Amino acid sequence: MAVKLTKNEQKKQKDSLRQYQRYLPTLQLKKQQLQIVIRESENEIRKLKEEQKKAVDSISSWIAVYGGNSAFPEDRSISSLVVIDRIEKEKGNIAGVEVPVFKELVFRQIEYDLHYYPLWVDKALEELKNIAKYDALVSTLEERIALLSKELRTTTQRVNLFEKVKIPETKENIRIIGIYLQDQQTSAVVRGKIAKKKLVRVS
């Protein structure tokens, strides 16, 4: 882009450079914060999945029943008693990005015949709800990561724009204008001296 070779333009370019240099550290800090939170969220997901696996393993003796054991018809399987109604979330803010925060997993209230199911059904339902809660936590974190990753891409583009384009370009413009103005000043001095010599000769 052609730049005007004037003092006003030089001032404008210097003001722009100061603005870029002041704004860049904020962008770099935001980029760093987003990267840290994304890594922490990914680690949290891994931990939750490990804990969920342990919870599933701890009730492995009931897996056959949950899977539709012949003792229960499909419409009365124990897993049919655990139905998610909704995931309640709150809004949080991370580095200026609005993100979901898990609040509660709400299940439908399903009545069941205590005479029909074995005594351990209450404990089994509690464990199944606990396992379902892990999925809700993971899905909330994955939603958070998606939002933060989108913001990270935008922030990284801005950091790159400032570091690799705007700041070098503005510095170069200032240098070019400075050289031009210096040349103009030198030429003016030379012309002044020549004019003075001519005046001296005439007088």
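1. The hairpin turn. Strand 1 and strand 2 form a hairpin with two residues between them, and alanine 95 in the turn has a positive phi of about 50 degrees. Strands here are DSSP runs of E of at least two residues, helices are runs of H or I of at least four residues, and both are numbered from the N terminus. The model is predicted; local features need pLDDT of at least 70, side-chain atom pairs count only at pLDDT 80 or more, and totals for chains, interfaces and linings use all residues. Residues are numbered from 1 along each chain as its sequence is written, and side-chain values use heavy atoms, with hydrogens and water left out.

2. Strand pairing. Strand 1 covers residues 84-94 and strand 2 covers residues 97-107; the two pair in the antiparallel sense over ten bridges. Two strands are taken to pair if DSSP finds at least two bridges between them. Elsewhere in the pairing, arginine 86 stands opposite valine 106 in strand 2. In a regular strand, side chains alternate between the two faces of the sheet.

3. Overall architecture. The secondary structure consists of three helices and two strands. Along the sequence the pattern reads α-α-β-β-α. Of the 203 residues, 31% count as buried, where buried means under 20% relative accessible area, exposed means over 50%, and partly exposed lies in between (1.4 Å probe, protein chains only). The accessible surface comes to about 14,100 Å², and 52% of that surface belongs to carbon and sulfur atoms. Accessible areas come from the Shrake-Rupley method with a 1.4 Å probe, and for residues only the protein chains shown count as cover.

4. Contacts across the sequence. Among contacts between residues at least 6 apart in sequence, 77% join residues at least 24 apart; a contact means heavy atoms within 4.5 Å. Leaving aside residues up to four places away in sequence, glutamine 10 touches Ile174, Ile177, Gly178 and Leu181.

5. The structure holds ten salt bridges, each defined as a side-chain nitrogen of Lys or Arg within 4 Å of a carboxyl oxygen of Asp or Glu. In one of them, the side chains of glutamate 151 and lysine 30 meet with an N to O distance of 2.7 Å. This pair links distant parts of the chain: glutamate 151 belongs to helix 3 (residues 121-202) and lysine 30 to helix 1 (residues 7-58), 121 residues apart.

6. Further salt bridges. Arginine 86 forms a salt bridge with aspartate 85, with the closest N and O atoms 2.5 Å apart. Arginine 86 counts as partly exposed at 40% relative accessibility, and aspartate 85 likewise counts as partly exposed at 40%. Lysine 123 and glutamate 127 also meet in a salt bridge, at 3.0 Å from N to O. These two residues are four residues apart in helix 3, so about one helical turn separates lysine 123 from glutamate 127. Lysine 123 is partly exposed at 41% relative accessibility, whereas glutamate 127 is buried at 14%.

7. Aromatic pairs. Rings of Phe, Tyr and Trp (its six-membered ring) pair if their centres lie within 6.5 Å; planes under 30 degrees apart count as stacked, over 60 as edge-to-face and the rest as tilted. By this rule there are two aromatic pairs. In one of them, tyrosine 20 and phenylalanine 162 have ring centres 5.2 Å apart and planes at 75 degrees, so the pair is edge-to-face. Because tyrosine 20 lies in helix 1 and phenylalanine 162 in helix 3, the pair ties together parts that are 142 residues apart in sequence. Tyrosine 20 is buried at 17% relative accessibility, and phenylalanine 162 is buried at 10%. Tyr20, Tyr23 and Phe162 form one aromatic cluster.

8. Nonpolar surface patch. Leu5, Ile176 and Tyr180 make a nonpolar surface patch of about 220 Å². Patches are made of residues with over 30% relative accessible area and no salt bridge; like charges are joined within 9 Å, and nonpolar side chains (Val, Leu, Ile, Met, Phe, Trp, Tyr) within 5 Å. Leucine 5 is placed in the segment before helix 1 and is partly exposed, with a relative accessible area of 33%.
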